[in-house]
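Colleague: I've never read a protein model before. Could you walk me through this one, feature by feature?

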Amino acid sequence: MYSLLKKEIKAFLGSLIGYLVVGVFLLVTGLFLWVFKGTYNIPENGYATLDGLFTLAPWLYLFLIPAITMRFFADEKRSGTIETLLTHPISDFKIVLAKFLAGCILVLFSLLPTLLSFLSVYLLGNPVGSIDVGATWGSFIGLFFLAIIYISIGIFASSLTENQIVAFILAMALAFIFYLGFEFIATSGVSYNLEQLLLWFSINNHYKSVSRGVIDMRDLIYFVGMTLFFLYLTSLFLRKGKFKQRKTKINAAIFVIVLMVIFIVSANFLLRFDLTSDKRFTVSRVSAEVVSEFESPVDIELYLTGELEPGLRKIQTEIFEKIAILNAFSSAPIRIRVFDPYSILNREKQDKFIDSLVKKGVRPTTFRRKTEKGIITKYIFPGAVINYKGKEVAVNFLKNNPNAGYELNFNNSVETIEFELVNAFEKLLRTKKSTIAFLQGNDEANRYETADLAEALLPDFKINEITADELNKKSSATDILIVAAPKKAFNEHEKLILDQYIMQGGKTLWLIDPVQVSLDSLSKGYKTYSFPHDLNLGDLFFRYGVRLNYDLLQDVNCIRLRVNTAAPGNPPKFTLHPWYYSPLLTPNYNHPISRNLNWVMSEFVSSIDTLSGNKNIKKHVLLSTSPNALRVKAPSSVSLENINNPPARELFKLSHIPVGVLLEGQFTSAFKNRMVDIYGFAQSEIREKSKPTQIIIIADGSVITNKVNYSTRPPRFQPLGYDRVSRQTFGNKEFLMNAIFYLNDDRGIMQLRGRALKLRLLDKVKLREEIGFWQFINVVLPLLFIVLFGLAFNIIRKFRYTR
């Protein structure tokens, strides 16, 4: 075997054709990765990754590997040395195995120069070393396993003929059929069982998993098993008439049966190793639990397709990969179909279909692409519609935070793909809607002021209004209670009902104004006053672990007002000025509720202090000011003169003052050891310690209220968080939606929003200034390496044999 192995390697390295084949492979790889514009181009994509290499290499291997293997047996048959070879005291399979090992070494030899691309991306990272080393090495392992199947197919093709060209074409055709042919047939509308069988035979179906840095034992067993199958098949066809022997047929049947049993058993054996540094392809426990509850197939129609920029292609790829991973844990198949709305040629039908997508909840976004004809603008649909048992849910994958950069928004979108999918699956599996009640009776925000949020919640919740006395009778029927901007103080009877609702495990969302400012007075003149607004809730919140302060916060990061600065008698001239009393609150990046959200618009907001003492309560700040804020104690004057004479900038030195807080755990009743008979309750009915529950408190009622035009019938309301001056909709609704979903989440699905993936980018400045150098390193240098190696090898060989 060793002699055969050396013979094949020397024969390849001693021929000009061998170096031409490897040289062409390296040249094409370098040009596609570093010069030619397109999907595979590393500098153009801007990400510190070698995904382009691992996508391109399987196609190039369709030509490279058949060129390496075509002469292994075909040349032996043509020259007549096959008979001499078969007379050696070595089994046919060992002869085949020796040829196979030689092929593996030669493929590794051709792959070695591509490590220059790995080194280049490593050094070009921002910062240096941003590339995911673990995922990259895992992808190289996957590429090698793909190569060994190609090699085994090539050897098999070479054993069938004595013509090297025929062997090359046959190997290339067989490799293509196994790489993509079966997958193409599987997606042509065949039955589901046949589709799954064909997909299992597809090399690409298994390679996709390994190429992203995930080592799945089922894929490894497939690669090794199929390689052994073709090598064994080669050994059967090596001698004429060997397969007609009865013993050979029995052995072949046993081999095939054993191999099929191993494949079938391994299909139910789930063992995966995620080599990525941030474990991006490791499915969470709750995701596995949710998909295991499916009783019938799930169909996903994805509309993100066509010519996409690198960030959108990354999102598309991640969607496919997440679905593939979730399929491994699902009790029923999750099937995905890609459909381009622009493939509908009839314009009227196309517009009708797009309108139906928008009505279902798929949000389009504008995409500008530079072409030879100029800049083309069209809508793309980075979303999907998921269907299960006749129920449909729309999913939007693209996050568009105006405060985040281009790359960061795409990275944020990738981070939340698992959450968006699993959250949609949970909605489809849900058989009962939870109930949200807006508390009434203390002059809270009316139904028009909370209409935008209520409409957004309707598809997933039952919405109603309730008084404190009604809550006392129906506490078990209310899952989440929202107290939205009350203006009238609570009496002790109402407080006791709210306290006992919490003690029984009720979830509550409080939006409270600790300070009162008369907007009517401010609109009629330049000045008004802020006064403490005592709602008689201080002792309740104090016992739960927070204190709302009687102050107003001013912030440098705030909305702008349009002010007429023209002199009297002149035409109006409006300029924008900061209104410090309307801070744009900063969501906590590290919590699932507020992660990756736009600023939250507020007006006359107060601060919150968290109190220590109860170890059973966890406190999380969800909203805070910017690093440049100012605290003003109430009572104080509030004047529009602040626009013309703002406070000195150096006064804004308070940083990240808490405004919204999440409390989790077991709370102590504010009525513990108190006489409650006078409030109509028996002492024995009072629960002094709560079940595990959650409370969210925000020190600003305006966060939940949308502007309403009462002059129309019915009254019309603006989107929640909409600012007329900047014409921007801030993150109020998304923040409150997340908060409510978090309170209603008993499984931990919202925790998936907290998953963080490192943004791995290339240094664009360094790349732009040194692009020629890196192109030389990755295109010319590998060719020089091959040329110098070939010259050295043949000079040394000639010298040895001349002697």
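**Reading the model**

Modeller: Let's start with a cysteine: C104 counts as buried, at 8% relative accessibility. Buried means under 20% relative accessible area, exposed over 50%, and partly exposed in between, using a 1.4 Å probe and protein chains only. Before we go on: this is a predicted model, where local features need pLDDT of at least 70 and side-chain atom pairs count only at pLDDT 80 or more, while totals for chains, interfaces and linings use all residues. Residues are numbered from 1 along each chain as its sequence is written, and side-chain values use heavy atoms, leaving out hydrogens and water.

Colleague: Is C558 buried or exposed, and how many disulfides are there?

Modeller: C558 is buried, because its relative accessibility is 5%. A disulfide is a pair of cysteine sulfur atoms within 2.5 Å, and the structure holds 0 of them.

Colleague: How do I read a residue in a loop? Where does S202 lie?

Modeller: First you need the helices and strands: they are DSSP runs numbered from the N terminus, helices being H or I with at least four residues and strands being E with at least two. S202 sits in the loop between α11 (192-201) and α12 (203-211). Its relative accessible area is 0%, so S202 is buried.

Colleague: What does S202 touch?

Modeller: Contact means heavy atoms within 4.5 Å. Setting aside residues up to four places away in sequence, S202 touches F178, Y179, F182, E183 and Y222. F182 is 20 residues from S202 along the chain, yet their C-alpha atoms are separated by 5.4 Å. There's also a polar contact, meaning a pair of N or O atoms within 3.5 Å; within protein, one must be able to donate a hydrogen and the other to accept it, and residues adjacent in sequence count only if both atoms are side-chain atoms. Here it joins the side chains of S202 and E183 at 3.3 Å.

Colleague: Which loop holds T114?

Modeller: T114 is in the loop between α7 (92-111) and α8 (115-124). With a relative accessible area of 5%, T114 is buried too. A polar atom of its side chain lies 2.4 Å from the backbone oxygen of L111.

Colleague: What about cores? How many residues does the largest nonpolar core have?

Modeller: A nonpolar core is a set of buried Ala, Val, Leu, Ile, Met, Phe, Trp, Tyr and Cys residues joined through side-chain atoms within 4.5 Å. The largest has 88 residues, and L50, Y61, Y150 and I203 have the most contacts inside it. Helix α9 (residues 133-159) gives the largest share, 12 residues. A second, separate core has 82 residues, including L312 and V600.

Colleague: Last one: how do I read a sheet? What is the strand order in the sheet of 4 strands?

Modeller: Two strands pair if DSSP finds at least two bridges between them. The order is β5-β4-β8-β9, an open sheet with mixed pairing. Its edge strands, β5 (334-338) and β9 (391-396), each pair on one side only. From one strand to the next, the twist averages 20°; axes are lines fitted to C-alpha atoms, for helices over the stretch in contact, and angles run from 0 to 180 degrees between N-to-C directions. Strands β4 (residues 298-302) and β5 run parallel, joined by 5 bridges, and L302 stands opposite V338 in β5. Helix α19 (residues 417-429) packs on this sheet, and its direction makes about 160° with that of β9.
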